[in-house]
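Visitor: Before we look at particular regions, I would like to go through this model with you step by step. Could you show it first?

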Amino acid sequence: MHQTKIYTVLFLLMIFFSCKNNIEPTQPHTNAIELLVQATGGTEVGHPMTFLARTKDNTRIPITLVLSNGIMTHTLRTYINKKTKIESRYFEVAGLYNLDVYKGQKLLKQKKFILQSRSSQDPLSLYCGPTTIVTGGKEPSMITAILSDTFDNPILDPLLVNYKSTGAQNFLSQATNEHLHASETFTSTKNADKLIISVTQEQQGAREQVVTQTADWGQGFSIELISTHPYADNRQYTRLKTDKILDQFGNPVPDGTLITYNIYDKDILISSYKAMTIDGIANVYLRNPKVAQEWKVQAQLSDASESNFLYLNFRPNLNKIAYSYDDFIKVLKVGPLNSVLGQYVPDGTIVEVKIGDQKITKETNNGYATINLLEEGILNLGTATLTVSGVRRKIELR
């Protein structure tokens with residue numbers, strides 16, 4: 001009986017170990033994995049790479065490769081002891097890369113490697129500004145070169161960048177690529193002109209940069225009368241111009257500098273005209289007044305400087321006021337109104353009729369203005385005053 005129990009126990013143990021071997025077959029070793037990396041372009045970016053996770057035996061076990069660099073993560077499935085090629089597009093960013101080998105959720109192996117930037121690309125990336133500075137060293141400008149490869153990876157090496165200029169000023173200098181850039185700071189001279197700057201790094205070049213040195217604020221200047229029609233006729237114009245406006249270094253102010261012509265009548269500002277300089281000179285056409293006036297004109301360049309005063313005297317545009325009156329229908333017809341040269345006064349010229357405290361205004365058309373006194377509600381007739389372009393005439397209306 002005792003021997004039977006021993007045989008039974010041995011039989012059960014044999015069955016147990018037999019079942020265990022069927023459930024868990026022998027697996028190759030995954031603790032001694034060697035992870036190899038082969039790059040066709042060395043340590044530079046932009047080349048495909050081949051990876052191999054190998055063991056001492058040749059059994060292939062499915063694994064997962066996870067490639068990451070802090071910006072992207074790429075996952076692919078492969079086998080131990082099988083070479084795996086990853087395309088170059090996953091290696092365009094310079095810096096540290098991580099390659100992890102997983103079997104299921106278990107990390108089997110990890111490898112880190114660094115890819116370097118390529119040489120700087122042509123043309124160089126440049127940033128320049130401000131591109132307009134005032135003469136006399138009042139404003140600085142800077143040109144900055146950003147060295148990067150074809151994948152926009154910055155160049156970390158301390159390379160020399162050459163700066164050369166012509167035009168308004170000449171300089172030849174070098175700057176070292178530090179903190180991912182190389183910069184050159186400069187200021188203006190006394191000459192208003194274009195400054196052309198070239199930037200090179202060994203055989204690499206860049207598009208020329210242009211910085212314009214513009215004239216400083218204009219100094220004292222004067223205005224003069226070029227042509228005029230000396231009568232109060234607003235179909236005519238008076239032309240004035242400045243002399244050449246220069247800065248303290250003798251440079252003409254930039255084209256397009258705004259000049260304001262102010263017109264005063266009895267020291268009261270009545271009008272302003274704007275003009276822009278061309279080659280330092282600003283021309284303006286002032287429309288003649290409708291009535292006789294004496295103008296005082298001055299030009300102004302912002303708050304920087306002012307010109308002399310010009311005095312313009314505009315005489316009345318007509319010598320007399322003609323009229324006719326129909327006392328039956330109470331219609332006053334003023335005209336013909338002729339200017340001093342014989343032509344009609346401009347259409348729209350104001351004719352004013354004043355009777356006592358009542359005042360009527362009409363505009364001329366073809367040299368005439370017609371006023372129906374009854375329609376205007378004027379019943380108390382008597383002495384009236386006609387005023388046209390500053391000329392007055394008293395008449396009797398009955």
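Guide: This is a predicted model, and the mean pLDDT of the protein is 88, with 92% of its residues reaching 70 or more.

Visitor: Which elements give two or more residues to the largest nonpolar core?
Guide: The largest nonpolar core has 21 residues, and those that touch the most other members are Phe-51, Leu-67, Ile-86, Phe-91, Leu-99, Phe-113 and Leu-115. The elements that contribute two or more residues to this core are β2 (49–54), β3 (62–68), β6 (95–103) and β7 (106–115).

Visitor: Which residues does Phe-113 touch, leaving aside those up to four places away in sequence?
Guide: Phe-113 is among the core residues that touch the most other members. With residues up to four places away in sequence not counted, its partners are Met-49, Phe-51, Leu-67, Phe-91, Gly-95, Leu-96, Tyr-97 and Leu-99.

Visitor: How many residues are in the other core, which lies apart from the largest one?
Guide: Among the members of this other core are Val-345, Ile-355, Ile-378 and Val-391. The number of residues in that core is 20.

Visitor: Which element gives the largest share of the lining of the largest cavity?
Guide: The structure holds one cavity of 30 Å³ or more, and the largest cavity has a volume of about 30 Å³. Its lining is made up of Leu-35, Phe-51, Leu-52, Ala-53, Ile-63, Leu-65, Thr-78, Tyr-79, Lys-82 and Thr-84, and by class these divide into seven nonpolar, two polar and one charged. Two or more of the lining residues come from each of β2, β3 and β4 (73–79). The largest share, three residues, comes from β2.

Visitor: How many polar residues are in the lining of the largest pocket?
Guide: The largest pocket has a volume of about 320 Å³, and of the 18 residues that line it, the closest to its centre are Ser-117, Arg-118, Pro-154, Ile-155 and Leu-156. By class, the lining has six nonpolar and three charged residues, and its polar residues number nine.

Visitor: Which element gives the most to the lining of the second largest pocket?
Guide: The second largest pocket holds about 170 Å³ of space, and its lining includes Lys-290, Val-291, Thr-349, Glu-352 and Arg-392. The elements that give two or more residues to this lining are β25 (350–355) and β28 (383–388). The element that gives the most, with three residues, is β25.

Visitor: Is Ser-302 buried, partly exposed or exposed?
Guide: Ser-302 has phi near 50°, a positive value in a residue other than glycine, and its place is in the loop between β21 (293–301) and β22 (305–314). Since buried requires under 20% relative accessible area and exposed over 50%, the 40% of Ser-302 makes this residue partly exposed.

Methods. Residues are numbered from 1 along each chain as its sequence is written. This is a predicted model: local features need pLDDT of at least 70, side-chain atom pairs count only at pLDDT 80 or more; totals for chains, interfaces and linings use all residues. Side-chain values use heavy atoms; hydrogens and water are left out. A nonpolar core is a set of buried Ala, Val, Leu, Ile, Met, Phe, Trp, Tyr and Cys residues joined through side-chain atoms within 4.5 Å. Buried means under 20% relative accessible area, exposed over 50%, partly exposed in between (1.4 Å probe, protein chains only). Helices (H or I, at least four residues) and strands (E, at least two) are DSSP runs, numbered from the N terminus. Contact means heavy atoms within 4.5 Å. On a 1 Å grid over the protein atoms alone, a cavity is a set of points where a 1.4 Å probe fits but cannot get out, and a pocket is an open set with protein on both sides within 12 Å along at least five of seven lines; lining residues have an atom within 4 Å of a point. Grid points are joined across faces, edges and corners, and a volume is the space filled by probe spheres set on the points. Ala, Val, Leu, Ile, Met, Phe, Trp, Tyr, Cys and Pro count as nonpolar, Asp, Glu, Lys and Arg as charged, and the others, Gly among them, as polar. pLDDT is the predictor's confidence in each residue, from 0 to 100.
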